[in-house]
Amino acid sequence: MATNNPTLQGSPLGPGQRKSWLGRNWKWLLLVSFLVMVCFGLGIFALIMSWMRSSDVALEAVARAQANPAVAQKLGGRIEEGWLTSGSINVGTGGSGDANLAVPISGPKGNGTVYVTARRIAGVWNYSEMVAGIESTGEKIDLLAGPVQSQATIPSPAVASSQTQAAQNSTVAAVLPAVQASASTPSLLAAASSGVIQSQDTATQGVVGELVQCRRSGGVLTVKIGFHNTTGAGISFYALPPDTSYDKYYFVAGNKKYFILKDTDGTYLAPAGNWNCGALGVCEKPAPGQSITWWAKFPAPPADVTKLDLFTPVTPPFEDIPITDN
């Protein structure tokens with residue numbers, strides 16, 4: 001009996017019998033679900049891109065690229081931000097955070113990318129790297145050394161004096177609230193103009209660090225170190241090696257640490273980074289017997305402090321350095 005029953009044998013549906021709606025439309029339902037997921041993902045991606053493109057870090061990178069003559073020469077005068085900004089921005093509580101972005105830019109002559117590394121402290125972004133890469137030539141242009149930051153020079157005495165008073169109660173030098181425009185900052189290749197106070201060997205064979213100035217004036221302490229090539233050939237020397245922060249330069253006086261001052265843009269008052277030796281750092285190539293002078297501005301310690309210990313990332317400490325008042 002069972003063998004003659006077509007229903008029991010799983011035969012096709014008979015007249016009047018229909019599949020369910022899901023059975024008839026499951027392919028369309030799957031396609032619509034896929035499209036909804038794609039649209040949702042694209043929407044989230046667009047929101048993230050919009051947020052990153054409108055961030056202070058990305059806007060600063062584009063503004064500096066637009067103001068840089070070297071970038072304008074390579075890409076043309078009308079530089080615009082691209083759409084696919086990549087990287088990450090993390091902003092925490094208390095005004096802290098960090099950012100590492102690649103911001104695409106383009107102009108009439110070609111395309112490029114601005115690579116930015118920054119930290120946010122007390123609500124202010126401090127930029128440690130901002131380099132424009134030119135796509136057509138592979139050239140790297142340091143935007144932190146461009147005309148936007150070249151206006152930052154020596155702070156006015158009144159501002160520096162009040163800033164120093166605050167720095168005495170902290171182990172970290174604060175950001176200057178204002179800077180006074182004046183002559184451009186000294187070149188790293190300037191020759192030392194005074195006698196050697198103390199010498200230390202550097203990590204680069206054939207280069208000696210010679211401290212030539214430690215002067216306190218108007219609430220600011222100026223330090224100069226001449227890095228002398230003692231060899232008979234040209235040499236490449238990093239006063240600030242790649243992947244090294246200027247926080248590695250500091251001095252200790254009265255049981256307090258003092259770090260290099262910054263301007264209102266968060267730029268250190270010291271020689272800017274370059275690509276002279278193939279990587280981003282503060283690097284020069286002194287000829288045989290030549291000295292290059294590294295300089296920096298620190299908050300001055302109190303007037304009753306007459307000596308300090310200076311620490312650098314390329315030499316042993318300079319100890320018991322006398323402070324000259326001027």
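At 30% relative accessibility, Glu139 is partly exposed, the class between buried (under 20% relative accessible area) and exposed (over 50%), using a 1.4 Å probe and protein chains only. Before we go on: this is a predicted model, where local features need pLDDT of at least 70, side-chain atom pairs count only at pLDDT 80 or more, and totals for chains, interfaces and linings use all residues. Residues are numbered from 1 along each chain as its sequence is written, and side-chain values use heavy atoms, leaving out hydrogens and water.

**Exercise 1. Find the salt-bridge partner of Glu139 and say which parts the pair ties together.**

Step 1: the partner is Lys74, at 3.3 Å from N to O.

Step 2: Glu139 sits in the loop between strand E5 (124–134) and strand E6 (140–142), while Lys74 belongs to helix H3 (residues 69–75), so the pair ties together parts 65 residues apart in sequence. Those labels are DSSP runs numbered from the N terminus, helices (H or I) having at least four residues and strands (E) at least two.

Step 3: Lys74 is partly exposed too, with a relative accessible area of 33%.

**Exercise 2. The structure holds 3 salt bridges; work through the ones of Glu60 and Asp325.**

Step 1: Glu60 pairs with Arg64, their closest N and O atoms being 2.8 Å apart. Both are in helix H2 (residues 56–67), 4 residues apart, about one turn of the helix.

Step 2: check accessibility. Glu60 is partly exposed at 23%, whereas Arg64 is buried at 2%.

Step 3: Asp325 goes with Arg216, and here the closest N and O atoms are 2.5 Å apart. This pair links distant parts of the chain, strand E17 (residues 324–325) for Asp325 and strand E8 (residues 207–217) for Arg216, 109 residues apart.

Step 4: Asp325 is exposed at 51%, but Arg216 is buried at 7%.

Conventions:
A salt bridge is a side-chain nitrogen of Lys or Arg within 4 Å of a carboxyl oxygen of Asp or Glu.
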